Structure formats: C-alpha cells, structure tokens
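Work through these exercises with the structure open beside you. Try each task before you read its solution.

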Amino acid sequence: MAYINVPEGVPGIRSLVMFRPETGRHLYQLTQVLLRDPSPLSPAERELIATHVSARNNCMFCMSSHAAAARELLEEKRDVVDCVIHNQSTPHLSDKMKALLNIAGKVQQSGKLVTDEDVSQARQHDASDRDIHDTVLIAATFSMFNRYVDGLGSLTPTDPTEYVPMGKRLATMGYVLPQQQKN
Amino acid sequence: MAHIQLPDGLPGIRGPMALRPETSKPLNELAEVLLRADNSLTRGERELIATYVSYLNDCFFCQNAHGGLAQHYLSCDLEQMDKMKIHPETAPISEKMKALLSISGSVQKGGKHVTAGQIEKAKGLGATDLEIHDTVLIAAAFCMFNRYVDGLGTWAPQDRMFYVNRAKTRAEEGYANYNPHN
C-alpha cells in the first residue's frame with residue numbers, strides 16, 4: 001500500500017498524479033516533450049533510455065511500463081528491450097545508442113560521472129549536442145520519476161501482462177494526464 | 001567547459017534552460033508549484049529540502065542557488081545555512097521538518113530507501129499526506145535538476161556570495177516566468 005492516500009487500485013505514477021494533478025500536469029508535459037515531441041532520437045530510442053535508467057534504479061513500475069512502450073514502438077525489433085535491461089549486446093542497437101546509454105548510466109549514478117571521453121565517444125558515432133542534451137535530461141528525469149514512484153511506495157503490479165496495455169497506451173496516446181474517476 | 005555548446009555567460013541550469021525552452025517550461029512550472037505556490041510548508045522549508053538534497057548530491061550550483069533562497073526566506077546567515085544542510089538533525093527547525101528532511105535524504109539515495117517507519121514518524125509529528133508527497137517529489141526533482149546541471153558539465157560562479165546577493169531578486173522573480181538570460 002502506498003504511504004499516502006492515493007486512489008485505490010491505480011498503479012505507479014498514475015496514482016500519484018491523480019493525488020496531486022497540480023504537479024502531475026507539468027510532469028506529464030515534460031515527459032511528452034522529452035519522449036514524444038520531434039527529436040533526432042526516435043520515441044523508441046528515448047523509451048530505451050528511460051527503461052535503461054529505471055532498470056538501473058531497480059524501479060519495477062517505471063522499467064516495466066517504459067519497456068512495454070518501447071516494445072510496442074520497436075515492433076519486430078522488440079527483443080532489443082530485454083538486451084538493454086540485461087546489458088547484453090545486440091546488433092539492433094546502434095553504436096550511437098550504445099554511447100548514449102553509457103552516458104545515461106553515468107547520469108543515473110551522478111551527473112559528475114559524465115566524462116569528456118564519454119561525450120567524445122558519442123560524438124564519434126554522430127551524436128549531436130541535441131542528442132546529448134536530451135539523453136542527459138531524460139536520464140535525470142527518470143532519476144526523479146523512479147524516486148517519486150518508489151519513495152511513496154506506489155502500487156507496482158507484479159504480473160508482466162498488466163504492463164502490455166500500458167505500453168500500447170503510451171505508444172499510441174503518449175503522456176496524457178489521467179483523470180480522477182468521478183463517482 | 002560544458003559538454004555541449006551552451007549560450008555564453010549563463011551559469012548552472014541557466015545555460016541548458018536557455019538552450020531548450022520546450023523542456024524549460026514544464027521544469028520551471030513544476031518548480032513554481034513545488035517550491036513557491038501556496039502550501040502548508042513554507043517557501044523557506046521547501047527551499048531547505050532542495051538545498052539539503054543538492055548538498056547530498058554535491059551539486060555546487062543548486063545547493064548555493066537554493067541555499068541562498070532558503071537563507072533569504074529563513075532569515076539566517078551563510079554559516080547557519082551550512083549548519084542546517086550539513087547537520088539538519090541539530091538545526092533550529094521543527095521536529096516535523098527534521099522528519100521530512102530524513103525522508104528527503106532517503107529519497108536522494110533511492111526511492112526504496114524510504115521506510116514505513118520514517119513516514120509514520122513524520123505523520124506522528126503532524127505531517128500531512130500532501131506534505132509527505134511534496135517532500136518526496138521535491139527531493140526527487142532535485143535528484144533530476146542536480147544531474148541535469150552536472151551531467152552537462154555546466155559552470156558555476158565560485159564566490160558563494162554571488163548566490164546570497166541575488167536571492168532576494170530571485171525570490172521575487174519566482175520560477176514560472178523565469179528568464180534564463182537574466
């Protein structure tokens with residue numbers, strides 16, 4: 001049970017933003033801009049960064065829901081998601097994405113750990129300033145979301161099939177603030 | 001030097017905020033609600049949470065920018081502010097605030113570090129669900145801001161009085177209509 005009085009039966013961050021829509025709307029807006037608005041990185045690549053950071057933070061809800069979204073967006077290349085979660089190499093991941101995921105993993109630990117070498121390695125594989133900026137901010141943002149979701153003890157479904165419809169919704173509708181059910 | 005090309009002369013978060021207004025807008029609006037909008041926690045108490053977490057993350061720019069604001073709102077000096085962020089357990093603040101800072105310190109390590117016992121203690125000292133929510137989200141948000149500022153290798157003025165001296169203006173300006181070029 002969550003540490004505060006959030007709507008019953010609603011999982012993860014959805015329960016928290018329904019409890020406090022004043023902050024929730026800005027959190028969803030930020031996520032929509034970062035993960036869906038036009039960017040040199042595809043929505044699937046950006047979901048992979050979110051998944052990677054959430055896996056490293058051991059946040060089951062965020063990892064599972066963003067992994068599900070990434071699988072929907074990647075279609076037949078969906079197996080890459082499990083490779084990212086388990087740190088396995090895969091030919092479906094570009095060298096640029098590998099370098100960006102390395103930067104994201106550093107940010108997850110601390111911003112100070114990102115080195116000039118990490119950045120120049122990404123640049124060697126054609127990462128632009130915009131790619132690097134967005135990677136750092138996505139990794140930083142999920143360092144927030146993971147703490148928010150777990151720090152308030154929000155409901156985390158343990159059945160993997162429960163995340164499939166969430167992934168479909170995130171892949172097709174993006175980040176839309178959930179509305180409190182009216183009784 | 002920063003890891004990416006940022007507008008010249010803007011310290012800390014101001015560089016990336018000026019670079020990418022699309023993300024700055026929700027970030028600043030979030031900060032406005034969390035740190036400045038009406039709340040049963042005072043602005044000083046909320047800025048103290050931001051300062052404490054930024055101190056734990058060793059983010060020079062954020063701990064001094066928000067430390068300056070906390071100092072302004074709480075009417076204390078730099079030395080007293082430093083004592084509060086380094087040893088909140090002996091600070092001249094309420095027992096409820098000490099319990100909320102303890103929760104913030106756990107959030108800084110990782111969400112799972114927060115225990116039911118810490119929450120119970122805060123509630124026993126009068127903390128409401130909303131105060132606990134906002135404490136956790138402020139602490140989590142500064143784990144984001146600190147990583148954003150340091151992960152891009154931004155620069156920060158090293159003279160700590162720079163932050164103290166501009167706090168009053170920053171407090172009046174707020175976050176929602178924040179102009180990174182000022």
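Two residues are in contact if their C-beta atoms, placed from the backbone, lie within 7 Å. Keep in mind that this is a predicted model.

**Exercise 1. The fold of chain B**

Task: Find how many helices and strands chain B has, and what share of its contacts join residues at least 24 apart in sequence.

Solution: 
- Step 1. Count the elements. Chain B has 9 helices and 0 strands.
- Step 2. Read along the sequence. The pattern is α-α-α-α-α-α-α-α-α.
- Step 3. Take the contacts in chain B between residues at least 6 apart in sequence. Of these, 72% join residues at least 24 apart.

**Exercise 2. The dimensions of chain B**

Task: Compare the radius of gyration of chain B with that of a compact globule of 182 residues.

Solution: 
- Step 1. Start with the rule. For 182 residues, a compact globule would have a radius of gyration near 16 Å.
- Step 2. Now the model. Chain B has 16 Å, so the two agree.
- Step 3. Look along the principal axes. The C-alpha trace of chain B spans about 50 × 30 × 30 Å.
- Step 4. Of the 182 residues in chain B, 49% are buried.

**Exercise 3. Where the chains meet**

Solution: 

**Exercise 4. The core**

Task: Name the residues that touch the most other members of the largest nonpolar core.

Solution: 
- Step 1. The core has 112 residues. Tyr148(A), Ala140(B), Ala141(B) and Phe142(B) touch the most other members.
- Step 2. Helix α8 (residues 129-151) of chain B brings the largest share of this core, 13 residues.
- Step 3. Zoom in on Ala140(B). Leaving out residues up to four places away in sequence, Ala140(B) touches Met144(A), Arg147(A), Tyr148(A), Gly151(A) and Val107(B).
- Step 4. In soluble globular proteins, nonpolar side chains tend to be buried together.

**Exercise 5. Two helices of chain A**

Task: Are α1(A) and α8(A) roughly parallel or roughly perpendicular?

Solution: 
- Step 1. Take the axes of α1 (residues 12-19) and α8 (residues 129-151) of chain A. They come within 9 Å and cross at roughly 80°.
- Step 2. Apply the cut-off. Angles of 65 to 115 degrees count as roughly perpendicular. The two helices are therefore roughly perpendicular.
- Step 3. Name the partners. Gly12(A), Ile13(A) and Leu16(A) of α1(A) meet Phe145(A), Tyr148(A) and Val149(A) of α8(A).
- Step 4. Sort them. The contact has 5 nonpolar, 1 polar and no charged residues.

Definitions and conventions: Residues numbered from 1 in each chain as written. Chains lettered and ligands numbered in written order. Predicted model: local features only at pLDDT ≥ 70, side-chain atom pairs only at ≥ 80, totals over all residues. Core = buried A, V, L, I, M, F, W, Y, C linked by C-beta atoms within 7 Å. Buried ≥ 20, exposed ≤ 12 C-beta atoms within 10 Å, placed from the backbone. Helix = DSSP H or I, 4+ residues; strand = E, 2+ residues; numbered from the N terminus. Axes fitted to C-alpha atoms, helices over the stretch in contact; angles between N-to-C directions. Parallel < 35°, antiparallel > 145°, perpendicular 65-115°, else oblique. Nonpolar A, V, L, I, M, F, W, Y, C, P; charged D, E, K, R; others polar. Rg over C-alpha atoms; globule rule 2.2 N^0.38 Å.
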